[in-house]
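Please consult it alongside the sequence and the structure shown here.

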Amino acid sequence: MNRAVRMVLSTTLVLGLAASALSVVQTPASGKSKERAYLIAYKNDIPSDLEERIEESGGSVETVIDEVGIVSATSDDPDFLEKIKEDKEVLAAEEELEIFLDEEEPEAADGQPITDIPQPDWDDPDQNYYDLQWDIKRITNNFKSHEISKGNSKTVVGIIDTGLDFDHPDLRDNADEEGSKTFVPGTKDAWDQNGHGTHVAGSIAANGKMLGVGPNLTVRAYRVFGATGGAQQSWITDALVEAANDGVDVVNMSLGGWRWMAHNYGEKGDSASMVAYHRAVQYAVKKGVTVVVAAGNDSRNLGSLHDMQEYWKETYGLDIKGPSRVVPAQIPGVITVSSSNEWSEDEIAFYSNYGNPIDIAAPGGDNGPEYDRLYRQDPKGDYLDKRDFRYRAFSTYPTYLPPYFTSNLKGYAFMHGTSMAAPKVAGIAAVIKSEHPDMKPSQVAALIKKTAEDFGKRGQDKYFGAGEANIYNALTE
């Protein structure tokens with residue numbers, strides 16, 4: 001059956017969280033009028049009479065992902081979920097969750113924007129912003145890794161995000177617009193109307209006034225976020241499967257959120273969302289795709305049941321009795337990345353999640369040591385005026401959007417988050433694949449861990465994992 005996608009609108013208003021860039025909040029996705037969106041995981045193959053089954057239960061098919069047995073449907077029947085669960089072929093079904101990128105509020109920012117950096121002169125080949133790239137310089141050994149390998153155009157990184165500015169001077173030679181796709185209903189292209197995806201892409205493959213980890217790599221957009229809207233689970237699952245089918249070498253997913261597995265919506269067992277993530281990641285890895293994901297920006301211990309239950313209680317007033325998971329950060333088969341900062345080899349960024357699932361760290365930036373000290377004393381305090389945006393990660397930003405509030409630069413932005421850390425590791429993985437195209441995802445991950453700089457406690461630890469990733473070390477191993 002061909003995949004079919006119909007527009008599903010959300011009527012839920014979502015407030016941003018304190019941490020920036022990646023953290024998301026999740027709400028049930030709802031359709032127009034009284035329609036609601038549902039995610040269905042089948043036990044085996046999707047039945048040949050799928051449409052009839054869904055219609056008999058009072059719904060209509062929206063998206064079909066045959067490869068992993070996942071379907072999304074909409075219905076205005078309040079009994080639809082109960083009816084579809086009666087189908088013996090259905091493993092799990094639920095209201096579809098929608099995630100939203102957490103955006104900082106510029107009007108609430110007391111930190112002073114950076115205004116002393118010259119605007120880009122696209123006609124001046126000698127102008128560059130390399131000195132602002134403390135993060136890329138550190139993991140490339142001051143760009144020395146580029147002397148060994150810049151990656152190659154045959155190696156493709158699929159970026160599941162908000163899209164790309166395909167005409168950005170630092171990306172236009174490396175960004176594959178023709179191969180890019182959108183999964184957002186109502187959109188026709190993968191151009192970035194938010195900025196997040198373009199910022200991610202620059203860390204991977206920028207080649208101009210700033211340099212990515214692999215300046216010769218190809219980046220391809222799989223757009224799952226609208227300009228301001230959220231991303232439904234089925235869109236993300238569809239994008240990951242599609243990227244694997246397209247033969248990308250690496251996928252970067254600087255997105256995620258919290259879901260609970262046990263007692264999900266009052267029932268035991270994995271939710272349909274968890275099944276979808278597990279199957280999609282497994283499908284991609286079997287096809288040779290290295291999947292890199294962000295750990296999340298909630299300052300939570302992913303290995304602590306108590307910490308997760310406390311999060312649900314404090315944030316949403318919910319008493320979740322069973323274990324929670326941050327996905328895709330805690331899905332087997334991915335490389336999960338926490339965020340390091342510029343000024344410490346002992347402390348990860350104040351917002352970064354941590355715990356046993358962390359495989360590796362990479363520079364995602366923060367607001368500087370003074371803000372960090374105050375935050376750790378009182379996470380709920382108000383000291384936005386103590387932020388120093390220069391400690392954030394500098395990268396590309398859509399040239400056609402207004403400047404991001406941290407500076408007045410056009411085409412570039414200072415951001416922080418595990419969203420900014422993950423693409424560094426994705427770039428490292430892709431450069432490794434350029435040099436060793438036959439390496440399996442597990443081998444790529446093993447090399448990244450083996451050659452990491454050992455930050456934090458000696459050996460593996462819950463904050464940095466194996467340490468801070470370093471492509472120069474990986475290439476000279």
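The points below cover helix packing, aromatic pairs and salt bridges in turn. The model is a predicted one. Across the whole structure there are 21 aromatic pairs, and the count of salt bridges is 21.

**Helix packing**

- Helix α6 (residues 233-245) packs with helix α7 (residues 272-286) at an angle of about 10°, and their axes are 9 Å apart. Angles under 35 degrees count as roughly parallel, so α6 is roughly parallel to α7.
- On the α6 side, the contact is made by Gln 233, Ile 236, Thr 237, Leu 240, Val 241, Ala 244 and Asn 245. Helix α7 contributes Ser 273, Ala 276, Tyr 277, Ala 280, Val 281, Tyr 283 and Ala 284.
- By class, this contact of α6 with α7 comprises 10 nonpolar and four polar residues, with no charged residues.

**Aromatic pairs**

- Phe 166 and Trp 191 form an edge-to-face pair, at 5.3 Å centre to centre with 75° between the planes. Phe 166 lies in the loop between β7 (156-161) and β8 (181-182), and Trp 191 in the loop between β8 and α5 (196-205), so the pair ties together parts that are 25 residues apart in sequence.
- Phe 166 counts as buried at 5% relative accessibility, whereas Trp 191 is partly exposed at 21%.
- The pair of Phe 389 and Phe 405 is edge-to-face, because the ring centres are 5.8 Å apart and the planes stand at 90°. Phe 389 is in the loop between α9 (369-377) and β17 (393-396), while Phe 405 is in the loop between β17 and β18 (412-415). Both of these residues, Phe 389 and Phe 405, are buried.
- One aromatic cluster is formed by Trp 122, Tyr 129, Phe 394, Tyr 412 and Phe 414.

**Salt bridges**

- Asp 135 and Lys 424 meet in a salt bridge of 2.8 Å, N to O. The pair links helix α3 (residues 134-139) with helix α10 (residues 418-435), across 289 residues. Both Asp 135 and Lys 424 are buried.
- Glu 468 forms a salt bridge with Arg 138, with the closest N and O atoms 2.5 Å apart. Glu 468 is in the loop between α11 (441-450) and α12 (471-476), and Arg 138 is in helix α3, 330 residues apart. Glu 468 is buried at 1% relative accessibility, whereas Arg 138 is partly exposed at 24%.
- Arg 300 forms a salt bridge with Glu 314, the closest N and O atoms being 2.9 Å apart. Arg 300 is buried at 11% relative accessibility, and Glu 314 is partly exposed at 47%. Shared partners join Arg 300, Asp 307, Glu 310 and Glu 314 into one salt-bridge network.

Definitions and conventions: Residues are numbered from 1 along each chain as its sequence is written. This is a predicted model: local features need pLDDT of at least 70, side-chain atom pairs count only at pLDDT 80 or more; totals for chains, interfaces and linings use all residues. Side-chain values use heavy atoms; hydrogens and water are left out. Axes are lines fitted to C-alpha atoms, for helices over the stretch in contact, and angles run from 0 to 180 degrees between N-to-C directions. Helices (H or I, at least four residues) and strands (E, at least two) are DSSP runs, numbered from the N terminus. Angles under 35 degrees count as roughly parallel, over 145 as roughly antiparallel, 65 to 115 as roughly perpendicular and the rest as oblique. Contact means heavy atoms within 4.5 Å. Ala, Val, Leu, Ile, Met, Phe, Trp, Tyr, Cys and Pro count as nonpolar, Asp, Glu, Lys and Arg as charged, and the others, Gly among them, as polar. Rings of Phe, Tyr and Trp (its six-membered ring) pair if their centres lie within 6.5 Å; planes under 30 degrees apart count as stacked, over 60 as edge-to-face and the rest as tilted. Buried means under 20% relative accessible area, exposed over 50%, partly exposed in between (1.4 Å probe, protein chains only). A salt bridge is a side-chain nitrogen of Lys or Arg within 4 Å of a carboxyl oxygen of Asp or Glu.
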